[in-house]
Amino acid sequence: MSTKVKEDLKYTDTHEWVRIKGDLAQIGITDHAQSELTDIVFVELPNVGEEIKKGEELCVVESVKSVSEIYAPVSGRITNVNKKLEETPEVINESPYDDGWIAEIEIKDKSELDSLLDAEAYKRII
Amino acid sequence: MVLKSPLHKVHEKMGAKFTEFAGHMMPLYYKSIKEEHLTVRKSVGLFDVSHMSNLWITGKEAEKLISFTTVEDASRIKDGMSQYTVILREDGTVIDDTIFMHLGDKYMMIPNAGMNKIVNEWLNEQAEKHDICASAEDVSRDYVILAVQGPKSRDTLQKLTNVDLKTVGFFQCRYIDIAGVNCIISHTGYTGELGFELQVSPTALAEDLFYKILDAGEEYGIQPIGLGARDTLRLEKGFILAGNEFEGGRTPLEATLGWTINWDHEFIGKKPLLRQKEKGDYERLTCLLCIDRGIPRHGCEIQKDGKKVGRVTSGTLSPCLNKGIAMGYCQPDYREKDTVLDIIIRGKPVKAKVVKPPFVSKDWLKTKLGNI
């Protein structure tokens with residue numbers, strides 16, 4: 001089954017996507033990830049204000065059957081989280097790249113963005 | 001080695017996502033666990049549960065063998081009846097829970113997936129040891145087991161048989177022709193809904209029957225259902241999953257299965273059970289409904305005021321209630337109805353209250369429709 005990969009985003013090999021908005025990195029999980037999880041029924045959002053390092057566990061997304069860790073693609077301070085996901089976690093399934101965004105991080109070190117995958121590279125690993 | 005169901009290709013064609021369970025590759029879901037779960041509660045679903053085991057118990061003293069190796073007095077279970085019971089070790093802990101069906105001069109027992117060899121060997125060992133003229137035969141590979149469950153299950157199957165299915169009462173069993181296939185039908189199931197289970201042999205007949213049941217149920221919106229929904233359906237009703245709830249060695253008293261025990265007959269494990277019954281201070285299986293957000297999982301600790309009082313054996317998000325639900329063993333002082341306990345999920349306490357099962361009542365659909 002082919003899943004959507006957006007050309008204008010960056011990706012990780014753990015299936016997170018990054019949308020660069022100036023100094024902020026908006027983060028979510030890819031269409032591939034949400035289709036593997038199927039119904040997402042619970043999201044434990046990270047805490048606003050917390051510092052996080054690239055590769056650390058950012059938050060947890062749960063389906064009926066499984067618990068999935070989501071990892072921070074960049075280091076920085078968490079400035080914003082998508083509170084809507086607490087009431088309607090299934091938005092991630094419906095709109096993984098837009099309404100289903102999970103958190104925003106103030107990028108500490110812009111050079112970390114270089115090691116992210118572009119759309120073509122991500123397509124090759126799924 | 002992982003065993004595939006005789007219907008594996010059918011599941012592949014229907015887009016199943018597979019999982020391994022007790023050495024068997026079975027569909028986890030076809031569309032989604034939540035969707036399949038709600039379809040069974042609202043209408044009808046078709047399950048392939050061929051991973052379960054089938055044993056024939058035969059011989060002059062077949063009834064005696066069952067009475068001795070389970071907590072049931074099998075003389076109470078007449079021809080055409082089935083019963084849910086447990087098989088115990090000498091120390092009173094459960095080897096397996098199972099249903100057995102009385103069919104003429106023999107019995108069909110349905111142990112759990114992956115337990116066929118163990119239960120078969122145990123029964124034959126006990127027959128020999130205690131000079132009981134009976135034997136067990138493992139015929140699991142000869143049977144496909146189909147479960148048709150949900151409010152529209154009877155209507156679906158009725159289209160495929162001349163037998164008035166209303167005459168197959170709760171826990172009754174018999175031979176029957178369904179869509180021209182002679183099989184064993186029982187009014188049993190693992191979902192808490194109206195439903196039937198079919199034992200089909202030889203397995204070559206099962207594929208056609210599977211499709212015919214899907215055709216018959218099409219007007220009701222029938223779907224094939226995977227093991228994912230099978231687990232959420234049973235947990236919503238407070239039914240036991242042997243691999244979880246008997247893990248580490250549990251007695252039927254601890255598992256709140258005392259109601260299955262017929263104390264007026266001799267059975268393996270009776271003496272230690274009587275001793276435990278007398279002492280009374282044992283942990284018991286307890287149902288917890290989450291008050292806070294969070295999904296309890298197997299292994300989560302249960303606490304009261306920071307003190308450990310138990311552990312979760314089964315947990316999930318209830319698709320009907322949209323709340324976390326769990327079963328676990330709790331110390332006896334902490335399980336009075338409405339007691340609020342903490343389930344520790346990823347290091348954080350999530351409040352949950354003790355409830356009497358089922359989590360989802362028989363009236364759920366009526367109430368749900370009434371609220372629209």
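Select strand E3 (residues 24-29) of chain A together with strand E9 (residues 103-107) of chain A: 4 bridges join E3(A) to E9(A), and the two run antiparallel. Helices (H or I, at least four residues) and strands (E, at least two) are DSSP runs, numbered from the N terminus, and two strands pair if DSSP finds at least two bridges between them. This is a predicted model, in which local features need pLDDT of at least 70 and side-chain atom pairs count only at pLDDT 80 or more, while totals for chains, interfaces and linings use all residues. Residues are numbered from 1 along each chain as its sequence is written, and chains are lettered from A and ligands numbered from 1 in the order in which they are written.

Stay with E9(A) and click on Leu24(A): its bridge partner in E9(A) is Glu106(A). How many residues of E9(A) are buried? Buried residues number 4 of its 5, so E9(A) is mostly covered (buried means 20 or more other C-beta atoms within 10 Å of a residue's own, exposed 12 or fewer, partly exposed in between, with C-beta atoms placed from the backbone).

Zoom out to the open sheet of 6 strands in chain A, with order E1-E2-E3-E9-E8-E5 and antiparallel pairing. At its edges stand strand E1 (10-11) and strand E5 (51-52) of chain A, each with a single partner strand, so one side of each has no neighbour in the sheet.

Next, move to chain B and colour its domains: domain 1 (3-50 + 143-235) and domain 2 (55-138). These bounds come from an automatic or database domain assignment. Taken over C-alpha atoms, the domain centres are 25 Å apart. Their contact takes 12 residues from domain 1 of chain B and 10 residues from domain 2 of chain B (two residues are in contact if their C-beta atoms, placed from the backbone, lie within 7 Å). On the domain 1 side, strand E11 (173-178) and strand E12 (181-186) of chain B are the elements that give two or more residues.

Now pick helix H3 (residues 62-69) and helix H4 (residues 116-129) of chain B. Their axes come within 10 Å and cross at roughly 110 degrees. Axes are lines fitted to C-alpha atoms, for helices over the stretch in contact, and angles run from 0 to 180 degrees between N-to-C directions. H3(B) and H4(B) are therefore roughly perpendicular to each other, a label for angles of 65 to 115 degrees. Show Leu65(B), Phe68(B) and Thr69(B) of H3(B) with Leu123(B), Gln126(B) and Ala127(B) of H4(B), which make the contact.

For the next stop, display both chains: their contact takes 11 residues from chain B and 9 residues from chain A. Helix H2 (33-42), helix H7 (227-236) and strand E17 (307-318) of chain B each supply at least two residues of the chain B side.

Finally, find Glu218(B) in the loop between helix H6 (206-217) and strand E14 (223-225) of chain B. Is Glu218(B) buried or exposed? Glu218(B) is exposed, because 10 other C-beta atoms lie within 10 Å.

Conventions: Parallel < 35°, antiparallel > 145°, perpendicular 65-115°, else oblique.
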